[in-house]
Amino acid sequence: MKQRDFLIVGGGVVGMAVAYGLARAGQGVTVLDESDDALRASRGNAGLVWVQGKGVGMPRYAELSLESAKAWADFAGELTERTGIELEYEQRGGVDLCLDAEEARSRQADYAELQNASRYMAANFRWEYLDREALTSCLPGLGETIPGGTWSPHDGQCNPLYLLRALYAASRALGVETRPATPVERLEATAGGFRATTPQGQFTAERVILAAGLGARQLASGLGLTAAVRPVRGQVLVTERRPPGGRLPTPQIRQTASGGYLIGDTHEDAGLDKGVTLAMMQSLAEKAVRIYPDLEAARLVRSWGALRVMTPDGHPLYETSTTHPGAYNLNCHSGITLAAFHAEGLAEAIRDDRLEQSFPHFSGARLHVSAS
Amino acid sequence: MFQRLDTAATPTRHVQVWLDGEPHRVAETLTVAAAVLQLRGWQGYRRHVDGTPRAPLCMMGVCQECLITIDGCANRQGCLEPVAEGMRIERQGGDIHDG
Amino acid sequence: MMAESRNADIAIVGAGPAGMAAAVTLADAGYRPTVFDMNAAPGGQIYRQLHAPQASDAVMGKDYRRGRELLDAFLQADIDHRPGSRVWWADNDASGTALGVLARGQTQRWQARQLILAGGAMERGWPFRGWQLPGVMNAGAAQILLKQGALVPSIPPVLAGSGPLLYLLAWQYLRAARPPALILDVAPARRYGEVLHQVHRAWLGRDYLLKGARLIGALKRAGVPIRQGITALEAEGDTAVERVRYRHKGRWHTQPSELLLTHFGVTPEPQLARSLGLEHVWHAGQQCFVPRRDATLAAGTNLWIAGDGGGIGGALNAEREGRLVALSLLENEQRTTAEQRREGQALLAARRRDLEARCLLERLFRLPESWLDDQSAETLVCRCESVSRGELDLAITQGGAGPNQLKAFTRCGMGPCQGRQCGESVTRLLAQRLGGTPDAVGYYHIRPPVHSITLGELAAREASRA
């Protein structure tokens with residue numbers, strides 16, 4: 001068999017977006033994925049295509065998020081055209097709620113600082129602080145005790161599960177081989193490329209991309225790549241379907257296209273435990289009812305915990321190995337917003353082997369410097 | 001529809017419930033879903049989120065097909081809620097609140 | 001600020017035969033277990049309403065009445081019985097199991113040092129074209145109506161499927177002078193002969209066989225038509241069932257009817273055990289997943305499963321298992337007498353014989369594993385989210401390689417029933433399409449809430465806020 005151009009380790013939304021981009025550019029790609037019950041950030045996230053709050057402290061990340069959000073409509077349209085799968089994408093703007101006055105103050109300070117630091121953000125990032133009164137037109141029924149929030153027209157939402165499905169369908173139609181239940185136990189360089197050892201046998205390719213989320217902790221260092229990622233648990237509640245509320249999405253709560261409300265935005269260090277806790281579920285339910293009192297009667301149908309993948313500074317990692325040329329490491333916790341970029345600019349940079357040159361801010365070097 | 005056998009074994013108190021605005025007397029041993037099946041049958045029980053008509057399947061809290069509005073609260077599991085004197089029951093014919 | 005936790009030394013979930021027997025045995029030994037039950041009165045499904053029976057003994061038959069002794073013992077014992085309580089959340093930790101309980105519109109947090117799950121069984125979700133139409137009900141549901149209020153169909157129903165309950169319900173309707181219009185049995189007539197050739201099992205299971213023969217004989221004498229060995233079933237109608245179609249001896253037949261009562265066997269109600277992360281294994285004979293239990297029926301540390309929730313054994317076996325787990329718990333506490341240990345041994349031996357005999361029933365009422373494959377592509381698998389077999393097949397070709405991936409891709413199993421009706425169908429379909437055992441394919445992740453709860457009920461904590 002002809003050696004593939006790329007092995008991608010990880011069949012989540014990051015790995016599949018890059019697989020899709022590479023396949024579209026004519027590359028032969030095999031994706032090695034873990035079993036159905038593995039830790040999966042891609043199946044647990046909230047589905048926001050979101051610019052607000054990204055890259056505070058790292059303007060280049062904010063710029064990348066805004067660029068990707070702007071490219072999302074075309075990206076979604078192309079995937080739907082290829083697969084017939086609707087991603088339920090919409091960009092009608094979004095609101096990041098401030099639950100108290102202090103949050104309102106610090107949020108505005110953060111955004112002002114970001115725009116001071118980046119000319120691109122100053123020119124292109126539109127946002128506004130709206131008090132409760134002003135918010136009620138875009139968040140009808142907003143609870144009395146919510147002081148306000150920041151609104152931005154760039155923010156939107158999609159169905160992240162249908163995004164993942166569309167990436168699978170489109171990639172497979174382009175010849176990408178996806179191998180489920182094929183966890184990589186060992187990765188090593190060979191004379192002509194790389195070899196992955198799995199319980200299902202060995203796979204080889206000229207180049208290898210780690211898009212393994214938390215799996216990077218086991219696999220990265222052997223190829224001279226950064227293994228320092230940690231899980232941050234988020235818990236999410238979903239209600240039964242409700243009548244359309246005409247409410248803009250927020251990171252705290254959004255109504256999905258099917259009608260259910262998705263309630264989340266918790267951050268905990270819980271190791272690899274992706275469970276849900278009664279205390280957190282109750283606090284989420286209280287928060288939801290505080291934001292939209294009419295949800296008191298809504299039945300909860302599902303809940304889950306999922307592990308965000310956090311790099312040491314929280315910003316994306318796009319890394320090329322210096323010790324093992326042809327090995328790359330991709331890790332970030334905003335794989336939905338950045339999916340349009342991952343399928344386009346990032347996949348091209350990897351194909352042309354110019355990741356460090358094109359995206360120097362996101363290389364692993366920044367982490368090693370700060371660690372030493 | 002379902003009918004009560006006239007040879008019932010234990011004398012049973014009846015309660016008055018309101019179904020879609022009309023008063024009815026039913027055995028107090030019934031759950032809401034059972035009462036509706038006795039009073040109106042399975043036709044018109046509920047309209048599902050996909051627009052299709054649905055009615056109770058399991059009567060034991062598993063299938064969620066018996067959702068119904070009880071005392072103003074939508075989407076209660078009719079098969080788990082015992083009837084009570086004065087209870088107001090409304091079938092969810094298809095506006096909002098479909099499960 | 002969390003509400004304070006209430007403590008239960010021993011918590012039992014479910015007040016059917018297994019839960020009642022466990023509670024009574026423990027109460028006899030001086031404990032006061034806390035029993036959470038969804039229903040308003042104890043008895044479970046099998047002995048529902050037995051404290052004040054609605055239909056007469058002549059209609060119900062003696063198996064129903066048999067629960068009376070256990071029920072009385074339960075009602076008289078000193079037990080913290082909490083009817084109308086839904087255990088919607090559970091989590092193991094070092095000190096036992098924490099339970100989220102919804103009672104009278106409020107969430108209570110309980111901490112149980114020892115836990116007995118006795119949640120029983122549910123009727124198997126078994127898709128066929130039109131099964132979502134009003135007028136299709138589970139036979140068990142119809143029997144619940146009979147127990148709850150002596151309710152019988154106002155028109156003669158068609159009964160279809162496989163399993164003893166089908167004939168029992170038909171017989172009960174016959175005794176109520178409301179015989180069914182037609183019985184459609186998936187089990188071919190020759191199976192009845194085949195099981196008799198398993199001489200040892202047939203002897204052990206003679207009670208089951210005689211009971212079945214008696215029911216079928218009575219129905220036949222009354223002139224109820226029975227078609228054995230049907231190979232397909234469909235319900236048709238516009239807004240409710242109008243016709244039942246079935247294939248018998250290779251030919252399709254149509255029976256006008258507005259009520260189709262189906263039964264395709266029962267499986268353990270899996271949600272609480274699944275949400276606790278307990279290991280499950282595929283039981284080839286019972287054609288379903290069952291939680292893994294050891295010889296003492298323990299499924300974890302200080303955690304037992306008794307009755308049909310641990311594997312289908314019927315009401316008598318459930319009662320036996322309830323006593324067994326209680327004895328096993330007492331043994332752990334070093335509180336058993338020699339007599340109790342002997343009783344335990346005898347119960348275990350009886351259980352072994354009974355389960356061996358039940359293999360006959362499993363063989364007799366075995367469902368075709370290829371059933372789903374033979375359905376038309378538009379047949380709904382997930383009723384809540386209206387996901388058809390054809391849509392699942394498409395998602396499988398697009399890379400949906402496991403139950404959870406398929407759920408993500410199609411919403412199959414995401415609705416309010418939480419996959420109870422479709423879960424094992426999805427496992428079956430994947431096993432068939434991708435080649436693999438049900439064990440290798442696995443099952444949905446089940447997470448709380450395993451019972452319906454509103455955000456208001458979840459947020460409304462009990463008392464004592466700081």
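## Exercises on a predicted three-chain model

For "domain: FAD/NAD(P)-binding", an unreviewed UniProt entry lists residues 9-322 of chain C. Keep in mind throughout that the model is predicted.

**Exercise 1. Find the domains of chain C and describe how domain 1 meets domain 2.**

Step 1. The domain assignment divides chain C into domain 1 (6-123 + 267-336), domain 2 (136-264) and domain 3 (376-441).

Step 2. Between domain 1 and domain 2 of chain C, the C-alpha centres are 29 Å apart. Domain 1 of chain C brings 14 residues to the contact and domain 2 of chain C brings 19 residues.

Step 3. Now for the area: these two domains of chain C bury about 1,300 Å² between them, with 53% from carbon and sulfur atoms. On the domain 1 side, Val59(C), Met60(C) and Glu123(C) supply 43% of the buried area, more than any other three residues.

**Exercise 2. How much area do chain C and chain B bury between them, and which residues of chain C lose the most?**

Step 1. Count the partners: 50 residues of chain C touch 39 residues of chain B.

Step 2. The two chains bury about 4,000 Å², and 57% of this is on carbon and sulfur atoms.

Step 3. Within chain C, the most area is lost by Gln54(C), Gln148(C) and Leu151(C), together 14% of what that side buries.

**Exercise 3. Describe the backbone at Pro449(C) and Gln287(C).**

Step 1. Pro448(C) and Pro449(C) are joined by a cis peptide bond, with omega about 0°. To find Pro449(C), look in the loop between α17 (438-441) and β24 (453-454) of chain C.

Step 2. Gln287(C) is not a glycine, yet its phi is positive, about 55°. This residue sits in the loop between β18 (280-283) and β19 (288-291) of chain C.

**Exercise 4. Turn to chain A and work out how its domain 1 meets domain 3.**

Step 1. UniProt (unreviewed entry) lists residues 5-348 of chain A as "domain: FAD dependent oxidoreductase".

Step 2. In chain A, 15 residues of domain 1 contact 13 residues of domain 3.

Step 3. The buried area between these domains of chain A is about 1,200 Å², 65% of it from carbon and sulfur atoms. Leu39(A), Ala46(A) and Leu214(A) supply 38% of what domain 1 of chain A buries here, more than any other three residues.

**Exercise 5. Are α2(A) and α9(A) roughly parallel or roughly perpendicular to each other?**

Step 1. Helix α2 (residues 59-83) and helix α9 (residues 339-351) of chain A pack at about 90°, with axes 7 Å apart.

Step 2. Angles from 65 to 115 degrees count as roughly perpendicular, so α2(A) and α9(A) are roughly perpendicular.

Step 3. α2(A) contributes Leu64(A), Ser68(A), Ala71(A), Trp72(A) and Phe75(A), while α9(A) contributes Ala339(A), Ala340(A), Phe341(A) and Ala343(A). Sorted by type, the contact residues are 8 nonpolar, 1 polar and no charged.

Methods
Residues are numbered from 1 along each chain as its sequence is written. Chains are lettered from A and ligands numbered from 1 in the order in which they are written. This is a predicted model: local features need pLDDT of at least 70, side-chain atom pairs count only at pLDDT 80 or more; totals for chains, interfaces and linings use all residues. Side-chain values use heavy atoms; hydrogens and water are left out. Axes are lines fitted to C-alpha atoms, for helices over the stretch in contact, and angles run from 0 to 180 degrees between N-to-C directions. Helices (H or I, at least four residues) and strands (E, at least two) are DSSP runs, numbered from the N terminus. Angles under 35 degrees count as roughly parallel, over 145 as roughly antiparallel, 65 to 115 as roughly perpendicular and the rest as oblique. Contact means heavy atoms within 4.5 Å. Ala, Val, Leu, Ile, Met, Phe, Trp, Tyr, Cys and Pro count as nonpolar, Asp, Glu, Lys and Arg as charged, and the others, Gly among them, as polar. UniProt positions are given in the numbering used here, feature names are shortened, and annotations may be inferred rather than shown by experiment. Domain bounds come from an automatic or database domain assignment. Buried area is the accessible area (1.4 Å probe) that two parts lose on being put together, summed over both.
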